Amino acid sequence: MIREFALFAATALLTACASVPPPAALPLPSAQGAVGASLIQPASGTRRMDLARNRRFIHPNLETSTLPDYPADLLALGLAPVVVCVDAVIDVAGLVSAARVRRDDDCAPPVDLDTAAFEASALQAVRSWNYAPALLCEAPPDFDGDDACQAADAVETPTAVRLSYA
């Protein structure tokens, strides 16, 4: 009896599976352009800050940012990744006071592609960013500690800087 029941149950399950149509093919996802941003090394030959022992630089801290939009009219082309480099000047208030596309050996656009739409989107995004400004801490000249910002008489002065992003 148990054997007959098992055979009946298996037959019923197989019949039920055979009568259900296969699922329809899932629609393909719409094209999506992945966008990101990362801090990169400044161009070679860029002037760098030289600090005495009684001084310390505090890097600006990105507080608000939006990523560039992938140009909608280019999504369907399925392009290989396009990297746009941008140099941004962060002023003493933490605002982007200037931004320009960077082109050098490390940041060369593809030769076979008009990157104007990507560049415009990147510049628009970077120009909207806000930072806690960079600071230059200065302790008295005779300071002999490891961190000038921790000195009792340290003075913190907001300072403008240029950062590079890809």
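Biologist: What volume does the largest cavity have?
Modeller: The largest cavity comes to about 50 Å³. This is a predicted model, in which local features need pLDDT of at least 70 and side-chain atom pairs count only at pLDDT 80 or more, while totals for chains, interfaces and linings use all residues. Residues are numbered from 1 along each chain as its sequence is written, and side-chain values use heavy atoms, with hydrogens and water left out.

Biologist: What counts as a cavity here, and what as a pocket?
Modeller: Both are found on a 1 Å grid over the protein atoms alone. A cavity is a set of points where a 1.4 Å probe fits but cannot get out; a pocket is an open set with protein on both sides within 12 Å along at least five of seven lines. Lining residues have an atom within 4 Å of a point. Grid points are joined across faces, edges and corners, and the volume is the space filled by probe spheres set on the points.

Biologist: How many cavities of 30 Å³ or more does that rule give?
Modeller: One.

Biologist: Which residues line the largest cavity?
Modeller: Val83, Val84, Cys85, Val101, Arg102, Arg103, Cys107, Pro109, Thr115 and Glu119. By class the lining has six nonpolar residues, one polar and three charged. Ala, Val, Leu, Ile, Met, Phe, Trp, Tyr, Cys and Pro count as nonpolar, Asp, Glu, Lys and Arg as charged, and the others, Gly among them, as polar.

Biologist: Which of the α2 residues are buried?
Modeller: Phe118, Glu119, Ser121, Ala122, Leu123, Ala125 and Val126. Buried means under 20% relative accessible area, exposed over 50%, and partly exposed in between (1.4 Å probe, protein chains only). The cover over these α2 residues includes β4 (85-90) and β5 (96-102).

Biologist: Why does Ala122 count as buried?
Modeller: Because its relative accessibility is 8%. Beyond its neighbours within four places in sequence, Ala122 is in contact with Pro68, Val84 and Val86, where contact means heavy atoms within 4.5 Å. Ala122 and Val84 are 38 residues apart in sequence, with their C-alpha atoms 7.2 Å apart.

Biologist: Changing topic, where is Cys149, and is it buried or exposed?
Modeller: Cys149 sits in the loop between β7 (134-138) and β8 (155-159). It counts as buried because its relative accessibility is 14%. Apart from neighbours within four places, its contacts are Arg56, Ile58, Cys137 and Ala154. Arg56 is 93 residues away along the chain, and the two C-alpha atoms are separated by 6.7 Å.

Biologist: What about Arg55, which strand is it in?
Modeller: Arg55 is in β2 (residues 55-58). At 29% relative accessibility, Arg55 is partly exposed. Not counting residues up to four places away, Arg55 touches Leu136, Cys137, Glu138 and Ala148. The C-alpha atoms of Arg55 and Glu138 are separated by 4.5 Å, at 83 residues apart along the chain.

Biologist: How many helices and strands does the whole chain have?
Modeller: Two helices and nine strands, in the order α-β-β-β-β-β-α-β-β-β-β along the sequence. Of its 166 residues, 27% count as buried. Among contacts with a separation of 6 or more, 75% are between residues 24 or more positions apart.

Technical notes. Helix = DSSP H or I, 4+ residues; strand = E, 2+ residues; numbered from the N terminus.
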